[in-house]
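Please examine the structure shown below.

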Amino acid sequence: MAAWIEILMILLILLDMVLPGLSRLSACVRAAALQGVLLGVLTLLANFDALTPRVAVLAGLSMAVKGFLFPVLLERAMKGAGVRKEVEPFVGYVTSIAACVAMLAVSLLLGQRLPLPDGGQGMPLAVPAAIMTMLTGLFIVVSRRKAVSQVVGYLTFENGIYAFGVVAVGEVNALVELGVLLDIFVAVFVMGIAIYQINREFDHIDADHLSMLRG
Amino acid sequence: MNPDAIANVAMGLALAPLLFGVINRVKAVFAGRRGQPLLQPYFDVVKLLGKGAVYSRTTTWVFRAGPVVGLASALAALCVVPFGGERALIGFEGDLLLFAGLFGLMRFFTVCAALDTGSAFEGMGASREVQFSALAEPALLLGLAAAARRTGCMSLSGLFEEASGMDPAAALPVFSLAAMAVFIVFLCENARIPVDDPNTHLELTMIHEVMVLDHSGPDFAFITYGAAVKMWVLGALFAGLAVPFRTGIHWLDAALAVAFMFAVAAATGVVESTMARLRLLRVPHLLAGACALSAVAYVLLLR
């Protein structure tokens with residue numbers, strides 16, 4: 001089982017590396033969605049020996065929301081705003097990939113320094129993969145111009161926190177879990193509307209120009 | 001000398017051009033054509049060998065040495081790569097570097113021969129070839145380094161032997177990452193589609209083809225056959241990394257390896273039929289991705 005979780009973690013890391021290298025917004029959205037589905041599978045695998053209906057329902061719910069609902073919402077927001085399909089990054093693709101490799105090295109180092117209460121439950125890659133996903137999310141938020149990309153970055157960051165929670169905390173209160181899920185749902189919903197409004201006001205969703213606003 | 005290893009080299013020599021035949025057949029089927037005979041690459045080589053060579057007066061011995069050195073390094077690489085669970089004909093600690101170096105030598109002489117003609121087109125092809133291979137080589141070397149670190153062997157034969165005894169789940173992460181990187185390198189080094197289009201005859205878009213425009217007769221036969229052997233060698237490396245497991249029965253392993261080689265050729269044909277060639281500016285992104293895959297494989301082992 002530990003070996004399969006490790007493979008899942010490597011897939012998570014690979015998706016992190018793919019995300020900044022994708023040039024199309026919808027591909028980015030789909031990659032982040034796939035990451036959410038992978039995390040659902042991870043929850044199931046991590047609790048495989050003691051699989052309660054509660055864990056199964058939570059994992060299924062987060063898979064449905066992250067894998068299906070968010071992409072649909074974001075695609076609709078993009079279609080409504082008539083966004084151009086390219087990402088238009090501040091940092092080039094090759095540089096982004098190089099930065100990802102550097103972030104992976106950093107997160108492996110951090111993962112070694114971060115002692116978990118039960119030694120990571122035999123999942124040595126879990127903490128580095130979670131930190132890597134968070135760093136990638138932050139990287140996407142700062143290095144991309146479009147508001148949609150920043151939503152994707154935010155989702156990736158949340159995926160990282162979720163992955164960390166699965167490993168470090170294990171059993172989480174269902175209420176907390178559902179609350180977090182609802183929060184990100186509302187956030188994505190609001191951001192979808194925000195993207196639409198920004199576009200209506202300025203004819204583009206270039207978040208960089210927001211800094212020129214004066215009250 | 002191991003008779004099985006000699007048999008493997010002989011098999012590589014005999015079957016290598018058939019890979020091109022299979023790729024062409026798959027592409028023909030995808031396009032709804034009947035396609036050329038499977039053995040057409042052999043006919044081409046025989047036909048070219050029977051012709052005379054034409055040399056431009058502006059060329060020197062470098063131009064004539066290009067095809068010969070190219071074929072020689074491909075043959076040497078064939079002797080270094082293990083096949084079908086058998087040790088390679090030549091194997092020693094560190095032959096990983098020799099393996100990568102032989103491809104470097106082959107490329108160096110092909111590029112020099114292209115530059116020697118003084119043709120602007122060939123110079124352009126040479127410049128592109130060098131640019132892309134500068135990115136493909138780190139991917140290959142890093143991937144091999146990761147596999148070597150995982151198994152603790154610096155020779156290809158030892159590496160594959162060690163890997164065949166590993167627990168599948170333990171070997172899978174590093175080996176599949178390295179194999180993916182090597183497959184991209186395989187497509188790039190063999191001038192296949194996402195990087196280069198072997199069928200194009202528009203000089204502005206060609207990379208490999210444009211470098212060998214001025215070679216004729218036996219020289220071109222050497223180049224064609226050398227390219228086939230190179231494809232076989234890189235395919236064998238990919239096969240070893242992607243499916244490192246062995247049944248232990250000698251003839252079955254060899255048969256499976258041959259079947260896998262032709263599956264790789266068929267997959268290349270499918271890639272060529274379903275994908276368009278990448279824009280020249282996008283190719284470095286693909287190769288950087290291959291480097292990143294290898295780097296991840298290596299970094300994962302540093303823990």
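Is the crossing of α1(A) and α7(B) right-handed or left-handed? The crossing is right-handed, a term for a near helix turned clockwise from the far one by less than a right angle, with anticlockwise giving left-handed.

This is a predicted model, in which local features need pLDDT of at least 70 and side-chain atom pairs count only at pLDDT 80 or more, while totals for chains, interfaces and linings use all residues. Residues are numbered from 1 along each chain as its sequence is written, chains are lettered from A and ligands numbered from 1 in the order in which they are written, and side-chain values use heavy atoms, without hydrogens and water.

The axes of helix α1 (residues 2–21) of chain A and α7(B) come within 8 Å and cross at roughly 25°. Axes are lines fitted to C-alpha atoms, for helices over the stretch in contact, and angles run from 0 to 180 degrees between N-to-C directions; helices are DSSP runs (H or I, at least four residues), numbered from the N terminus. The two helices are therefore roughly parallel to each other (angles under 35 degrees count as roughly parallel, over 145 as roughly antiparallel, 65 to 115 as roughly perpendicular and the rest as oblique). From α1(A), A:Ala3, A:Trp4, A:Ile7, A:Ile10 and A:Leu14 meet B:Ala169, B:Leu172, B:Pro173, B:Leu177 and B:Met180 of α7(B), where contact means heavy atoms within 4.5 Å. These residues divide into ten nonpolar, no polar and no charged.

Within chain B, helix α7 (residues 168–189) also packs against helix α11 (residues 283–301), at an angle of about 155° and with the axes 9 Å apart. That angle makes α7(B) roughly antiparallel to α11(B). Residues of this contact include B:Leu177 and B:Met180 of α7(B) and B:Leu286 and B:Leu293 of α11(B). α7(B) passes α11(B) in a left-handed crossing.

A further pair in chain B is formed by helix α9 (residues 217–242) and helix α10 (residues 250–274), whose axes come within 10 Å and cross at roughly 110°. α9(B) is thus roughly perpendicular to α10(B). Among the residues that meet are B:Trp232 and B:Phe238 in α9(B) and B:Phe260 and B:Met261 in α10(B).

The contact between the chains takes 17 residues from chain B and 19 residues from chain A. The area buried between them is about 1,500 Å², of which carbon and sulfur atoms give 84%; buried area is the accessible area (1.4 Å probe) that two parts lose on being put together, summed over both.

Across this interface the rule finds zero salt bridges, each defined as a side-chain nitrogen of Lys or Arg within 4 Å of a carboxyl oxygen of Asp or Glu. In one salt bridge, the side chains of A:Glu158 and A:Lys66 meet at 3.1 Å, N to O. This pair links A:Glu158 in helix α6 (residues 147–168) of chain A with A:Lys66 in helix α3 (residues 53–81) of chain A, 92 residues apart.

Technical notes
Ala, Val, Leu, Ile, Met, Phe, Trp, Tyr, Cys and Pro count as nonpolar, Asp, Glu, Lys and Arg as charged, and the others, Gly among them, as polar.
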